[in-house]
Amino acid sequence: MATAGAWRRSLRRSWRRLLPGPRLDVVYHPAYSVEVREGLHDPRRAVRILAFLEHEGLDRSVRVHRPYRASVQKIRRVHSDAYLERLQMPDALMPILGFRVEDDVQESWIESQKAMVGGTIKAARLATAGSGLAVNLGGGLHHAFPDRGQGFCVFNDVAIAVADLRERGFGGR
């Protein structure tokens, strides 16, 4: 069994091989940290990743960007108006999360996911304009459909980011 020190050294070597240049663009917003139910997910995952990078001395090659929350206009490129209107209703997250949440938690969760969508848009723009490698520490909300959310995903951030890139004239993969 490898020691923690050996594991960290291996991770540092892998990290340096992964980087295509002198930096990695990382997108993070404090709104990513929303607790909906204890133990369901780690709302501090992004903060833990940033702390780990700093602790291991890997943060020198990382440039952190803070995204704007995605606007309704951007979200509307992928999601239907009827669905966006339903999100304003009480218990709108119940079919997405599988349980009821208080109104303030519902609002915070939706705003958090708007920030994550904005983060994925930002990371996609950075990746296509720079080194080709950028990561959003939130996001990955690919379970949402145009007319409904699913699997804890209110919006499909990947589809929205692709729509944004296409609108800006990007024709690549």
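# Salt bridges and helix packing

Student: What makes the pairing of Asp164 with Arg125 a salt bridge?

Tutor: The closest N and O atoms of Asp164 and Arg125 are 2.9 Å apart. A salt bridge requires a side-chain nitrogen of Lys or Arg within 4 Å of a carboxyl oxygen of Asp or Glu, so this pair qualifies. Asp164 belongs to helix H7 and Arg125 to helix H6, so the bridge ties together parts that are 39 residues apart in sequence. Helices (H or I, at least four residues) and strands (E, at least two) are DSSP runs, numbered from the N terminus.

The model is predicted: local features need pLDDT of at least 70, side-chain atom pairs count only at pLDDT 80 or more, and totals for chains, interfaces and linings use all residues. Residues are numbered from 1 along each chain as its sequence is written, and side-chain values use heavy atoms, with hydrogens and water left out.

Student: Why is Asp164 called buried, and why is Arg125 placed in another class?

Tutor: Buried means under 20% relative accessible area, exposed over 50%, and partly exposed in between (1.4 Å probe, protein chains only). Asp164 has 1%, so it is buried; Arg125 has 27%, so it is partly exposed.

Student: How do you know that H6 is oblique to H7?

Tutor: Helix H6 (residues 103–129) and helix H7 (residues 157–167) pack at about 45 degrees, with axes 9 Å apart. That angle makes H6 oblique to H7: under 35 degrees counts as roughly parallel, over 145 as roughly antiparallel, 65 to 115 as roughly perpendicular and the rest as oblique. Axes are lines fitted to C-alpha atoms, for helices over the stretch in contact, and angles run from 0 to 180 degrees between N-to-C directions.

Student: Which residues meet where H6 and H7 pack?

Tutor: On the H6 side, they include Met116, Val117, Ile121 and Arg125, and on the H7 side, Val158, Ile160, Asp164 and Leu165. Contact means heavy atoms within 4.5 Å. The residues of this contact divide into eight nonpolar, two polar and three charged. Here Ala, Val, Leu, Ile, Met, Phe, Trp, Tyr, Cys and Pro count as nonpolar, Asp, Glu, Lys and Arg as charged, and the others, Gly among them, as polar.

Student: What makes Arg77 and Glu167 a link between distant parts of the chain?

Tutor: Their side chains meet in a salt bridge at 2.6 Å, N to O. Arg77 sits in the loop between helix H3 (72–75) and helix H4 (81–86), and Glu167 in helix H7, 90 residues apart. With 26% relative accessibility, Arg77 is partly exposed, whereas Glu167, at 55%, is exposed. Arg77 and Glu167 also take part in a network of salt bridges with Lys74, Arg125, Asp164 and Arg168.

Student: Where do Lys114 and Glu111 lie, and why are they classed as they are?

Tutor: Both lie in helix H6, three residues apart, about one turn of the helix, and their side chains form a salt bridge at 3.3 Å, N to O. Lys114 has 17% relative accessibility and is therefore buried; Glu111 has 27% and is therefore partly exposed.

Student: Why is Ala70 called buried, and with which residues is it in contact?

Tutor: Ala70 has 6% relative accessibility, so it counts as buried. Ala70 lies in the loop between strand E2 (62–65) and H3. Leaving aside neighbours within four places in sequence, its contacts are Ile75, Lys114, Val117, Gly118 and Ile121. The C-alpha atoms of Ala70 and Gly118 are separated by 4.4 Å, although these residues are 48 apart along the chain.
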